[in-house]
Amino acid sequence: TLWNYLISDPIFISNYSRRNPQHHVSGIFLQKFLFLEQYSKLEFITCEGLDAAAPEPSLCFIEDDQGVFIQHSCNGLLLCSSFRCHEDDRKYYICKLTTKQYHQLPKPGCKIVFGINMAYDPTISPHYKIICVCDSNTIKMYDSAIGSWRVSGNHQVFSHVLLFNRGVFLNRALHWISRGALALRFDIEQERMLTMPMPPIPEGRSERRLGYFGESGGHLCLIEIYGPITTRCDVMRMESDYSGWSVRYRVDLSRIASSFPSMVRNNVQDIHRYLFSILHLADRSQVREDESSMWLHIPGTSISYNLKDGKWSKLQSILHQKTKIEEGMGLWHSWEGVHPYTNTLCYF
């Protein structure tokens, strides 16, 4: 039809995206790997209701004998790859679940991949770029406008302390947090690697305890959780000049434990007493101050916790299918297996 032709046209998509730049997250994909399953198990949690145009949480339409799982997501597109195989045999795909379109990428040609991430902003260009960290000094880039990989300079990337599999694309740069004192950001246009600080590790602690890292409301957000009371944490935001982190909210989740008994482990003390994980920060404070919320997964359910008044509500989710294994053991998710999804117009 004419409408299908229009929404697939790159010029139409680019013009539409520039006129409608505020694409908020439509929901998140939760990814879990089950023993002997060929495809990763997906669940989609929506913030727009089940009646909205939510994507079916399944990658089965991608034909790959090794199975498929999500590597990264960015503004409506998913970067996926083969599941159970060696890097030499791994295939990479770009896909959009709402239309079940996918495109196989050329192999990056790396023996070791520390992380692979996507940079896509439809307000700037209909084309996307893939950044692959291959070893301690090599970054390869794929540009969909050209259709090939190339080496990007000589960058020192400190692969042993950086989380390259959890890059966040914001302001034309990919950001990676670190277990050390310095994190990195990679300017996509200028192909420059720059440093940014991490918060100091509290005195008496030997290692960093990451609880969440992502983009919310146009800002980088970070949560670290230290004991002895793990329900208390600070939601930190990176300054616009990358000079450091400032506390946006101080949170104490112990007040909701009475509503969810499965969240508390009896006869267990300190850091292992409470069971929950932070999935996503939904910060729409630019629209309404009271719309900033923290999405939590606790045994048996997922909730949205208002960061201003402490009220909570259950989130709605979509499962492709539930196996007997899942019904017996339940799925446990952490922020590292979460992929935000924005229902935007995309072009391949």
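Colleague: In what order do the strands of the open sheet of 4 strands run?
Modeller: This is a predicted model, where local features need pLDDT of at least 70, side-chain atom pairs count only at pLDDT 80 or more, and totals for chains, interfaces and linings use all residues. Residues are numbered from 1 along each chain as its sequence is written, and side-chain values use heavy atoms, leaving out hydrogens and water. Strands are DSSP runs of E, at least two residues long, numbered from the N terminus. Pairing in this open sheet is antiparallel, and the order is β19-β20-β21-β22.

Colleague: Which strands stand at the edges of that sheet?
Modeller: Look for a strand with a single partner, since one side of it is then left without a neighbour in the sheet.

Colleague: How many bridges join β20 and β21?
Modeller: Two strands pair if DSSP finds at least two bridges between them. Strand β20 covers residues 293–298, and β21 covers 301–306. Their antiparallel pairing runs over 6 bridges.

Colleague: Does Glu-43 count as buried or exposed?
Modeller: Glu-43 sits in strand β2, residues 41–46. Buried means under 20% relative accessible area, exposed over 50%, partly exposed in between (1.4 Å probe, protein chains only). Glu-43 has 13% relative accessibility, so it counts as buried.

Colleague: With which side chain does the side chain of Glu-43 make a polar contact?
Modeller: A polar contact here is a pair of N or O atoms within 3.5 Å, one able to donate a hydrogen and the other to accept it; residues adjacent in sequence count only if both atoms are side-chain atoms. For Glu-43 the distance is 2.9 Å, and the partner is Ser-317.
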